[in-house]
Amino acid sequence: MIVDDPDAVSRRVVFRRFGGPEVLEVELRPIPVPAPDEVLVRVAAAGVNPVDWKLFSGQPLHDSYERSLPSGNGYDFAGTIAATGADVEGWRVGDRVFGGLRYQAQADHLVIDPRLLVRVPQGLSLLVAGSLNVVGRTAYASVESQQLAADDVVLVSGAAGGVGILTAQLAVRTGARVFGTASPRHHALLRRLGIHPLSYDDALRDHLRAAAPEGVTVVFDTVGHGTVDLALALGVSPERINSVADYEARQRHPIAGVGGASAGPRELALVAQLLADRALELPIDSVHQLGSVREAYARSIAGHATGKIVITTAQG
């Protein structure tokens, strides 16, 4: 039984053709009913990720995603369990949960296998939890793949973005010296988080050599834009370059491409607890109503967000 929403219908974001944010619509549907082994989640917040708009744009992707029309939208979500199937154990109505469900997250309700869920730790808001699935798993897996030590000198490209800001902070926690590229307006934030900021410009190579004359040992590329070529020019060993953004560079060079697929609910729970404990920070760039989903993606496509863009299902 649904206990937290008396409405007879549920909203969700859909697209029926490929294109820009203008193809996104909000439709009404009956509230979905969980199967015996599923739970119904009343979604509170859903994150915006670049891969979302690459999918609804219809552009080719290097990773294989099933795509068909019409389609729901979004992946990251957080909310509370509103109903449980008859065979579900260990979860109760009212539990705060988060995770990811491709093409389903941007909605008032979704049904999901509870094995995919992570409990929201006390002290972590649903807003942050709802933006965490992709960036948390990607950052954790990337950093773990390089087994950083205190003598490492690390460069993170796009260090003010959702993946980049968590990657850089997780690297700082290993004791490594961490540099992050970002626009000047983000430099104060990075410094506060223990990250040495650098502007991404034509003089970046010279700035890095001056700031780290001993050399850079590890590079995490979260945005592409020539980061891999820069790393190789700096003499970084290819196996110590991890790019989650530049597929073409991964085809040309024997670099790593470890990302979110290498982490699951356990790793996501660890990142969530660090955020709840204030040991990490994930800034929320902006919050948009479900009905303003087009504006949320326009901001994402513009590429200037700090941290995460989030969609809320709260009405008002």
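This is a predicted model: local features need pLDDT of at least 70, side-chain atom pairs count only at pLDDT 80 or more; totals for chains, interfaces and linings use all residues.
The largest nonpolar core has 41 residues, and the ones touching the most other members are Phe 98, Leu 132, Val 154, Leu 166 and Leu 275.

Now for the helices. Take α3 (residues 133–146) and α9 (residues 265–276): their axes sit 9 Å apart, and the two pack at an angle of about 100°. Angles from 65 to 115 degrees count as roughly perpendicular, so that is what α3 is to α9. On the α3 side, the contact uses Asn 133, Gly 136, Arg 137 and Tyr 140, while α9 brings Glu 267, Leu 268, Leu 270 and Val 271. Sorted by class, that's 4 nonpolar, 2 polar and 2 charged residues.

Next, have a look at α1 (residues 50–57) and α10 (residues 293–302), whose axes come within 10 Å and cross at roughly 105°. That makes α1 roughly perpendicular to α10. Pro 50, Asp 52, Trp 53 and Phe 56 of α1 meet Tyr 297, Ser 300 and Ile 301 of α10. By class, this contact has 5 nonpolar, 1 polar and 1 charged residues.

Asp 95 sits in the loop between β5 (76–84) and β6 (96–100). Its relative accessibility is 18%, and the limit for buried is under 20%, so Asp 95 counts as buried. A polar atom of the Asp 95 side chain lies 2.8 Å from the backbone nitrogen of Arg 92. Beyond its neighbours within four places in sequence, Asp 95 is in contact with Gly 79, Thr 80, Ile 81, Gly 90 and Arg 119.

Arg 192, for its part, belongs to helix α5 (residues 187–192). With a relative accessible area of 53%, Arg 192 is exposed, and its side chain makes a polar contact with the side chain of Glu 281, at 2.9 Å.

Note on methods. Residues are numbered from 1 along each chain as its sequence is written. Side-chain values use heavy atoms; hydrogens and water are left out. Axes are lines fitted to C-alpha atoms, for helices over the stretch in contact, and angles run from 0 to 180 degrees between N-to-C directions. Helices (H or I, at least four residues) and strands (E, at least two) are DSSP runs, numbered from the N terminus. Angles under 35 degrees count as roughly parallel, over 145 as roughly antiparallel, 65 to 115 as roughly perpendicular and the rest as oblique. Contact means heavy atoms within 4.5 Å. Ala, Val, Leu, Ile, Met, Phe, Trp, Tyr, Cys and Pro count as nonpolar, Asp, Glu, Lys and Arg as charged, and the others, Gly among them, as polar. Buried means under 20% relative accessible area, exposed over 50%, partly exposed in between (1.4 Å probe, protein chains only). A polar contact is a pair of N or O atoms within 3.5 Å; within protein, one must be able to donate a hydrogen and the other to accept it, and residues adjacent in sequence count only if both atoms are side-chain atoms. A nonpolar core is a set of buried Ala, Val, Leu, Ile, Met, Phe, Trp, Tyr and Cys residues joined through side-chain atoms within 4.5 Å.
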